[in-house]
Amino acid sequence: MSEPTVRRFDAAANDRTIRFGDREVFLTPAVTADEGGALSAYSAQFGKGERAELPAPYGEVWVVLHGCLRLRSRDSELTVHAGQYAHVPEHTPGELEALQDTTLACISVPAH
């Protein structure tokens, strides 16, 4: 096992970036399960108007770096602006919608 080291990341696309079909939705892994142990981290970019279903099998914290998201669940709707955080608990039903071109930093537990 290698010694842990501090690393720096940014939200720019790179050779690890994944695009979802022809949609304006991109994920760029920063820390994966095999690198980060208990958590994983990535950046996500959504073009204005893009939507995604929420339920994920892990909890996440999203930091909106640029843009604005609307999160809808059965009982609530909230808007998250640049500089704000959102906590999305494990298996949360709902949908996100990018109200503007939006960039997020995302941390997931457990790692995936």
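1. Glu60 belongs to strand S5, which spans residues 59–66; strands here are DSSP runs (E) of at least two residues, numbered from the N terminus. The model is predicted, and local features need pLDDT of at least 70, side-chain atom pairs count only at pLDDT 80 or more, and totals for chains, interfaces and linings use all residues. Residues are numbered from 1 along each chain as its sequence is written, and side-chain values use heavy atoms, with hydrogens and water left out.

2. Buried denotes under 20% relative accessible area, exposed over 50%, and partly exposed the range in between (1.4 Å probe, protein chains only). A salt bridge is a side-chain nitrogen of Lys or Arg within 4 Å of a carboxyl oxygen of Asp or Glu.

3. Strand S5 is part of an open sheet of 6 strands in the order S1-S2-S3-S10-S5-S8, with antiparallel pairing. S1 and strand S8 (85–88) stand at the edges with a single partner strand each, so one side of each is left without a neighbour in the sheet. Two strands pair if DSSP finds at least two bridges between them. S3 and strand S10 (residues 102–109) are joined in the antiparallel sense by 7 bridges. Tyr42 has Cys106 in S10 as its bridge partner.

4. A further open sheet has 4 strands in the order S4-S9-S6-S7, again with antiparallel pairing. Its edges are S4 and strand S7 (77–81), each with a single partner strand, so one side of each is left without a neighbour in the sheet. On average, neighbouring strands of this sheet are turned by 20° against each other, direction ignored. Axes are lines fitted to C-alpha atoms, for helices over the stretch in contact, and angles run from 0 to 180 degrees between N-to-C directions.

5. Strand S9 (residues 95–98) has Glu95 and Glu97 pointing one way and Leu96 and Ala98 the other way, and all are buried. Strand S4 (residues 51–53) is joined to S9 by 3 bridges, and the two run antiparallel; Arg51 stands opposite Glu97. Strand S6 (residues 68–72) pairs with S9 over 4 bridges, also in the antiparallel sense. Here Arg72 stands opposite Glu95, and Leu69 has Ala98 as its bridge partner.

6. How many salt bridges does a search of the whole structure find? The search finds 9. Glu77 forms one with Arg70 (3.4 Å, N to O) and another with Arg72 (3.1 Å, N to O). Through shared partners, salt bridges join Arg51, Arg70, Arg72, Glu77, Glu95 and Glu97 into one network. Arg72 is partly exposed, with a relative accessible area of 25%.

7. Glu50 and Arg23 also form a salt bridge, their closest N and O atoms being 3.1 Å apart. Glu50 lies in the loop between strand S3 (40–46) and S4, and Arg23 in the loop between strand S1 (18–19) and strand S2 (25–31), so the pair ties together parts that are 27 residues apart in sequence. Glu50 is buried at 16% relative accessible area, whereas Arg23 is partly exposed at 31%.

8. Gly67 lies in the loop between S5 and S6 and is buried, with 9% relative accessibility. Leaving aside neighbours within four places in sequence, Gly67 is in contact with Val80, His81, Ala82, Gln100, Asp101 and Thr102. Gly67 and Ala86 are 19 residues apart in sequence, and their C-alpha atoms are 14 Å apart in space.

Note on methods. Contact = heavy atoms within 4.5 Å.
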